[in-house]
Amino acid sequence: MTDKLEDLFIQRSPTADRPLLGLTVLVVEDSRFASEALRLMTQRSGARMRRADCLRAAQRHLQTYRPGAVIVDMGLPDGDGADLIRAIRGANGQAPVVLGLSGDPSRREEAMEAGADGFLAKPLESLVRFQQALLAAMPTAIRPPPRLLPEEALNPDPIALRDDLNEAARLLALRPDAASTGYLSQFLSGVARLSRDEPLEHAAQALREGLPNPAALTHAAHLVQSRLAAGSSF
């Protein structure tokens, strides 16, 4: 019971400097690198973040806790984020703020049709836009007064990037079929965009365009391994 009370929508009054103070955010995101960026943003905004890396973990979490906001990656290893958004919207009880998240801007419409209150596009680089997206979806009565904040550089932990690259290398080594390659391409694209790695992003796009394509898989695997080998640059 105590844990549930701790996860109610707002516990303390937000301030202009920390507009999300008291908010608990559940982030449903398979990428550790993207999750680390979101952790920095929630922390700087005064919020607390919990993470689930797949649909099953998110469903277990929601059975126990009551976050005030849920940010759902549209492409997850065990299913589609749109399904989770619909499930949250269809559940009884107080509905949290729900935002869709993807490196593919075309998935915004799908997220909104599923019931999302807003959408965040990867790469996640702007603290101001992150705060604005959540605040715009909150009930007006608890929304703090707007304030223009300076942009702030966010530097996610490079160890999280290495973890994502290791996961991509593992998936590529399995020589995935068409369905698995679709998930792999969106995962790799998100990592590439956040790390500003254009060649890797192009390789992810090539994976998506030729499902499955042995040459594209081999090229992507080579790029991932080269990034891992150059670990000193992380």
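Biologist: Which residue's backbone oxygen lies 3.4 Å from a polar atom of the side chain of threonine 181?

Modeller: This is a predicted model, so the distances here are computed from predicted coordinates. Threonine 181 has its place in helix H8, which spans residues 178-194, and with a relative accessible area of 1% it counts as buried. The backbone oxygen that lies 3.4 Å from a polar atom of its side chain belongs to proline 176.

Biologist: In what order do the strands of the open sheet of 5 strands run?

Modeller: The protein has 10 helices and 7 strands, and 5 strands form an open sheet with parallel pairing. The twist from one strand to the next averages 25°. Read across the sheet, the order is E2-E1-E3-E6-E7.

Biologist: Which strands stand at the edges of that sheet?

Modeller: A strand with a single partner has one side left without a neighbour in the sheet, and this applies to two strands, residues 48-52 and residues 118-121. The strands at the edges are therefore E2 and E7.

Biologist: Which residue of E7 is the bridge partner of leucine 99?

Modeller: Strand E6, residues 97-102, pairs with E7 in the parallel sense over 4 bridges. The two strands also belong, together with helix H5 (residues 108-114), to a right-handed β-α-β unit. Within E7, the bridge partner of leucine 99 is glycine 118.

Biologist: How many of the 11 residues of helix H6 are buried?

Modeller: The buried residues of H6 include Leu127, Val128, Phe130 and Leu134, and the buried residues pack against helix H2 (32-44), E3, E6 and E7. Helix H6, residues 127-137, is largely enclosed by the rest of the structure, because the number of its residues that are buried is 8.

Biologist: Which backbone nitrogen does the side chain of aspartate 197 reach at 3.1 Å?

Modeller: Aspartate 197 lies in the loop between H8 and helix H9 (198-209), and its relative accessible area of 13% makes it buried. The backbone nitrogen that its side chain reaches at 3.1 Å is that of leucine 200.

Biologist: For the protein as a whole, what percentage of the contacts with a separation of 6 or more comes from residues 24 or more positions apart?

Modeller: Of the 234 residues in the protein, buried residues make up 47%. Among the contacts with a separation of 6 or more, the part accounted for by residues 24 or more positions apart is 65%.

Notes:
Residues numbered from 1 in each chain as written. Predicted model: local features only at pLDDT ≥ 70, side-chain atom pairs only at ≥ 80, totals over all residues. Heavy atoms only, no water. Pairing = 2+ DSSP bridges. Axes fitted to C-alpha atoms, helices over the stretch in contact; angles between N-to-C directions. Right-handed = clockwise from strand over helix to strand, strands pointing away. Buried < 20%, exposed > 50% of the residue type's maximum accessible area, 1.4 Å probe, protein only. Polar contact = N/O pair within 3.5 Å; in protein donor to acceptor, adjacent residues only side chain to side chain. Contact = heavy atoms within 4.5 Å.
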